[in-house]
Amino acid sequence: MQQLVLASATIVIGVFGCVGYFFASNLILDTILPPRGPNAGRNITRAAGIRPWLFLGPALILLSVYLIYPVFVSIWLSLRDSTGDNFVGAANYTWLIGDVKFRESMFNNFLWLLFVPAAATFFGLISAALTDRIRWGNFAKSMIFMPMAISFIGASVIWKFIYDYRGEGLAEIGLLNALVEFFGGTAQTWLTVPFWNNFMLMAVLVWIQTGFAMVILSAALRGIPEETIEAAILDGASPLQIFTRIKVPQIWGTIAVVWTTITILVLKVFDIVLAMTNGQWGSQVLANLMFDWMFRGNDTGRASAIALVIMLLVTPIMVWNIRNARREMR
Amino acid sequence: MENIAGTKSSLVWSVNLAVLALVLLWTIPTFGLLVSSFRDRDQLASSGWWQAMFSSQQNIIFRAGAAETQRQDGAQWVIDGSVLEAGGEVKAWGITSKDHAAFAPGAVATMADGVSATVAADGAYRLSAGKAFEGRSPRLFVTAVTPPRFTLDNYRKVLFAQGLGRSFLNTMTVTIPATVIPILIAAFAAFALAWMEFPGRALIIATVVGLLVVPLQLSLIPLLKLHNQLGIGKEYLGIWLAHSGFGLPLAIYLLRNYMVGLPREIIESARVDGATDFQIFLKIILPLSFPALASFAIFQFLWTWNDLLVAIVFLGNSADQLVMTGVLKELLGSKGGEWEILAASAFVSISVPLVVFFAMQKYLVRGLLAGSVK
């Protein structure tokens, strides 16, 4: 309880502090450079030059400290040894290239990159197209969208229960094994089968992200000019043809956005792997490997090097986003 | 649109069926865990949740009543009672762990020390011997069919005995300031980026767009070092600032995009009327931007509530700091088999986001549409 009081007090202090800062700094600016009197004109121009920075100040400080400064420190740390005391040059990177677990992580991340965005976008597109045509579509959308609200770790519990394995002679309580046995197969410990267990983990993320893809793509589908569809119908196109030849080509841009957004998420995937296999049985990924070296390995050099690899993989998408954003602003 | 060309009823049917299949596929995992969280511990471990409504057969290991409860019945010493606490029917029973089905209900078995035992179909058992029972009572191994049993015990257990109630409060403590603080800071910055002219504006906007995708992993080690130097390494203040910093790019991006779309005339006429930028922001921009503020608030709330990584790194593992996702992670590690605990804990932890999700879905969708970089 005491904590909640503390938290509420922080909110109050924080909110009033923020408002107070903006109010006071603006007031001071107006007192130093009053927009009236003999120099009113010059003062207004000067104040207008300073004021944006007052508004931006706190955000710029937070962004610099929490997102920009760490990039440089990480680069610096990745060139130093496990405690950050001595310069070791590129040793951490050469170690990375030779490390079995790192190669495994790169390979698995590559698998994730191929499978998860593709599957989530595909299911999202299908459900967007189908739910727009039926009466209870909005309810169906809500249900498919729901996993978005569930934490990765909560989703891991949900899916670990599905993959549960009881052992021979016992009734299977995991849905997957029960189904496998129902159709005459043998129950398995799904999460310990190398290579295929990756797909068991990916299913969780696809399950979570399909709703996101569906929402965005559904909006895009609705934004398609009706004339194009009417023309296609008049020309005798079948519903499937309308979908694949008329609608999908018009929303390629949005599909690309959905794809890249999920791609970024995939590169950072951590919780699911940590909770379900912790990288054992050949299911390691970069983010979890980095966490391993940070906390269990206590090696800031290697951990930073792995983090920079993730950053490097994200960079092309970042550049692409910035270019798009700039083009849009013009 | 497509209605103008008339639709075939077979197509309508297959669309409905396909959507139904998708919806089932997407809800069944959660539903299964929800049902399981209300099931009796023993039943949960012995039958699938889809059989929850039916009687289940299970093997029960039952230790007979303690020696103190024995009574004298003629020349015999007797312990009796019932092996089924909550009803059901005994199908078979045995006196060794190897064979749960050695005897039919009602049969009499002779155990070591001349004890004769019997278990009836309704669960009543009776042990009798020529001399008084001493020490630990013998065990009975019963195969029984028990009726479905639903209980709130799992929730009671996790909330009070397992300390999840405490971590619920911890999560609240993390989440609320971490949601409110960035909104305010971002709103001011977004206003400057949307409606003020100054050199370097385009550069800052581009930077914000770039920062949207910077992986969190990169920030962890440098910031943990920094926080430790500042003395807020394992404090709530540290995680509030961290979440605020990580949430800022999206907040600024969303809010700026929204504010740019506000009608120019309103702002310019206010300027002409002599309002300062600060007044324009507080009295015009902020109220008009409510939908965007709500969208971001939901995002940030869901993100901080569901976050595990930032919490592990910037908060301690002690009872007064462990958040719910952290508890779930530890439970998954140590009690992989105790599904009743896991299921109930998971539902306590995802209940709040789910409520927020269903109540504010409109704003969430709107935010998603505005937030994905076009």
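**Two packed helices in chain A**

Are α13(A) and α14(A) roughly parallel or roughly antiparallel to each other? In this predicted model, helix α13, which covers residues 286-296 of chain A, packs with helix α14, residues 300-329 of chain A, at an angle of about 160°, and their axes are 8 Å apart. Because angles over 145 degrees count as roughly antiparallel, α13(A) and α14(A) are roughly antiparallel to each other.

The crossing in which α13(A) passes α14(A) is left-handed. On the side of α13(A), the residues that take part are L286(A), A287(A), L289(A), M290(A), W293(A) and M294(A), and in α14(A) they meet R302(A), A303(A), I306(A), A307(A), V309(A) and I310(A). Sorted by class, this contact of α13(A) with α14(A) holds 11 nonpolar residues and 1 charged residue, with no polar ones.

**Where chain A touches chain B**

Between the chains, 95 residues of chain A are in contact with 90 residues of chain B. On the side of chain A that touches chain B, helix α2 (residues 40-78) of chain A gives the most, with 18 residues. Divided by class, that side of chain A has 69 nonpolar, 17 polar and 9 charged residues.

**A loop residue in chain B**

D320(B) is placed in the loop that lies between α11 (309-314) and α12 (324-334) of chain B. This residue, D320(B), counts as partly exposed because it has 14 C-beta neighbours inside 10 Å. In sequence D320(B) and G163(B) are 157 residues apart, while in space they are 9.8 Å apart, C-alpha to C-alpha.

Terms used: Residues numbered from 1 in each chain as written. Chains lettered and ligands numbered in written order. Predicted model: local features only at pLDDT ≥ 70, side-chain atom pairs only at ≥ 80, totals over all residues. Axes fitted to C-alpha atoms, helices over the stretch in contact; angles between N-to-C directions. Helix = DSSP H or I, 4+ residues; strand = E, 2+ residues; numbered from the N terminus. Parallel < 35°, antiparallel > 145°, perpendicular 65-115°, else oblique. Left-handed = near helix turned anticlockwise from the far one by under 90°. Contact = placed C-beta atoms within 7 Å. Nonpolar A, V, L, I, M, F, W, Y, C, P; charged D, E, K, R; others polar. Buried ≥ 20, exposed ≤ 12 C-beta atoms within 10 Å, placed from the backbone.
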